[in-house]
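Dear colleague,

Please find the structure below, together with its sequence. My notes on what was found follow directly after it.

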Amino acid sequence: MATEIKKEIQLEIAHVLFIDTVGYSKLSINEQRTVVDELTQIVCATEQFQKAEAADRLIKISTGDGMALVFYTSPEAPVRCAMELSQALKDHPRLQLRMGIHSGPVSGVVDVTGRTNLAGAGLNMAQRVMNCGDAGHILVSKHVAEDLEEYDEWRPLLHDLGECEVKHGVRVSLASLYTEELGNPAVPEKLKAARAAVAAKRKRTAFRWVSVGVLALLVAVAAIGFLFFRYAPRFAARALAVPEKSIAVLPFQNLSEEKANAFFADGVQDEILSDLAKVADLKVISRTSVMLYKAGNPRNLREIGQQLGVAHVLEGNVQRAGGKVRVNAQLVDTRTDKHLWGQTYDRDLADVFAIQSEIAEKIADQLEAKISSREKAAIAEQPTKDLAAYDLYVRATALIDNAAYQGEWKDDFQAVDLLNQAVARDPSFLLAYCRLAEAHDTLYFTSVDRTPNRLALAKAAIDSAFRLKPDSGEAHFALATHFYLGYLDYDRARDELAIAVRTLPNNAWIFHWSGRVDRRQGRWHDAVRNLEHAMELDPRNVNILTTAAVTYYYLRDYGQAKAIFDRIIALEPKNIADRLWRARWIAFERADLRPVQDVLGKNFTDNPALFRTDGAVCFAMALWARDPVAADRVLAAITDNTFGVRMGSVVFTRAYAAGLVARMKGDEDGARVAFSAARTEQEKVVRAQPDDLTQSVELCSLGLIDAALGRKQEALSEGRRAVEVLPVTKNAIEGADILYFNAVICAQVGERDLAIEQLKTLAKIPAGAHYGELRLDPFWDPLRGDPRFEQITASLAPKETTSK
């Protein structure tokens, strides 16, 4: 295929429009030439083509009887181009086109002629989608349809067609895009034929089964009744059965004389786990959950199997001495305690990675897992040939994981140092580059070091990983989190996660981050599905559990949120903050502060340590309780200058919070002094913000301050601007939080109608308003007594009594 590529040969997510001339082969050579020329002129005249061409974000590929347009601008570009073409074809009746659209990975290749060309799943899928259509059809893949459904403009034009079987038996999920004037509303003939074949088959078998079915039904009723009472416990056990091909690789015991080799033992266990996790036919529990079962402690394997939801565990020990290593491993059925396999390996230390791969292959074979050639090759890969570099990597990994669990992000600095040493020893150590990027991105996102240089260091590490292996799932995962944490680019993060999961099917973090992307893009059903799967793969990971609980809170499914926190409390019985958060859900759900007071004390004096660790929650609850003394006490213990009181990004500064407390005490002069100081500080912050999220958040905070000072027009302008910069359609969580506080601004400055209109929306959308905050938060006092406000509040009230 001829092409006009001027880009580097690299993998990118592209938005592809595939165009085909129907009946092209039946034309004479001269007619074919005329049709191609005519099509080219029409395509080049479209607005989307010209825009993308001018921005150098378009690649054109001739296919003989049509073409592929590869856009790098936005997912909507090929769709708008297709609609423009459909409109233009009304003046060219002899041109009969069918079009297919898909977004996916595309990369440059050098073909047999030595010329640069394009290839990749993005192109292949777009062509398959197109091949399902007839003349006039504009068909889009399910992936593209889901993206378009988020926009009011496209939603009414999308019509689900179900699945269509294409080449090699591949089934493609499709939607047809059409209006009353554009596109083709008819069901494609290929789908009609498939449906007719299914219907005919059903008709042939229906009569035969009717008579058999009646008799079978009578027999079944009797049998079910008998079996239920005879074998009820057996059915119950089967319903709770875990997957047969499921395993947890428990921490290996370090038998070496040098206790420093404990990290080495952890590394052996982790590599075996990672190798098994690459097998899609297995369910493999993630590292965080299994590390809770430290080696050397008594283990009840039956209980562990039940807690992790697996049928098998692998345990073992490692002894390292000089240049030798001994690894002992044994596979156990957790349901019967039966030892299924065991082996001891005595090898040179340099062979340790080969041992790990052998063990993984043996276990997969024992569990009768299907392993593809690609998976087998991945298992055989060695992370590095430098054991000293590997030791550094394992130590750094432990620091990164602990930082994520404890929130001690400065540990990532030490991890960065260790990983830099690791890649200096072995510049081909791909996994080390990926974890190095993760550490840099975390330091940036958590504002420990929110500088352009920190982002550049993360990108450099990712680039190094891709140079080593362009199709690495770990590299794509690192790039996904980089897009998310560094740029809040959820579309590109989603695309990279979709690539990563193909080779890392058991990586709970991929599903965790997918759920987080889903939330921000308003794909709440997908968010729940991904986070539930993440919890299944990593059932004792508190960070993943917390993300899932917060998601259910956004959806106002407080029962699920509390149930997940019950699991967290069981994992961390001494962590009183978990009980505070669970009590907080009840306050939001039922406007009942008694569970919070059970944790903090009626006068907020029982657990002052929580003021330092969870001061934002405590401060919000003190305000809701109308207790300025408690609020003052909490504020004095908070060390951060800013903190958020809702599950969003809008924050209070200490000065603004002090003003709220002073006003609650009746000290109006003190309140104005505090609010004025807050405004001076906040104006500087707003001017310094580089991106939409931080700018909109800080603008909203400034609007709250101006509302408190009675600066009505400034407050309304700032709140309105914040909503415009980051609407809910752009970010379903932070956008909803900003909309909420904009409604607060309107209420505070006396614009009741504006506040009510926004509350109507907030009462209907996820991450919007909750019953408890409308009932208890002093922010809403200006609206109390307004029938419209009371009606909105009542609509959010719990419908029935639920357990606490």
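Helices (H or I, at least four residues) and strands (E, at least two) are taken here as DSSP runs, numbered from the N terminus. In that scheme, S447 sits in the loop between α14 (430-445) and α15 (452-468). S447 is not a glycine, yet its phi is positive, at about 65°.

The model is a predicted one, in which local features need pLDDT of at least 70 and side-chain atom pairs count only at pLDDT 80 or more, while totals for chains, interfaces and linings use all residues. Residues are numbered from 1 along each chain as its sequence is written, and side-chain values use heavy atoms, with hydrogens and water left out.

E368 also has a positive phi, of about 55°, although it is not a glycine. E368 is found in the loop between α10 (352-366) and α11 (373-380). With a relative accessible area of 63%, E368 is exposed (exposed means over 50% relative accessible area, buried under 20%, and partly exposed in between, with a 1.4 Å probe and protein chains only).

For the protein as a whole, there are 34 helices and 16 strands. Buried residues account for 51% of the 804 residues. Of the contacts (heavy atoms within 4.5 Å) between residues at least 6 apart in sequence, 64% join residues at least 24 apart.

V129 belongs to helix α4 (residues 121-131) and is buried, with a relative accessible area of 0%. Neighbours within four places in sequence aside, V129 is in contact with G100, I101, L139, V140, S141, V172 and L174. V129 and K142, 13 residues apart in sequence, have C-alpha atoms 9.7 Å apart.

Yours sincerely
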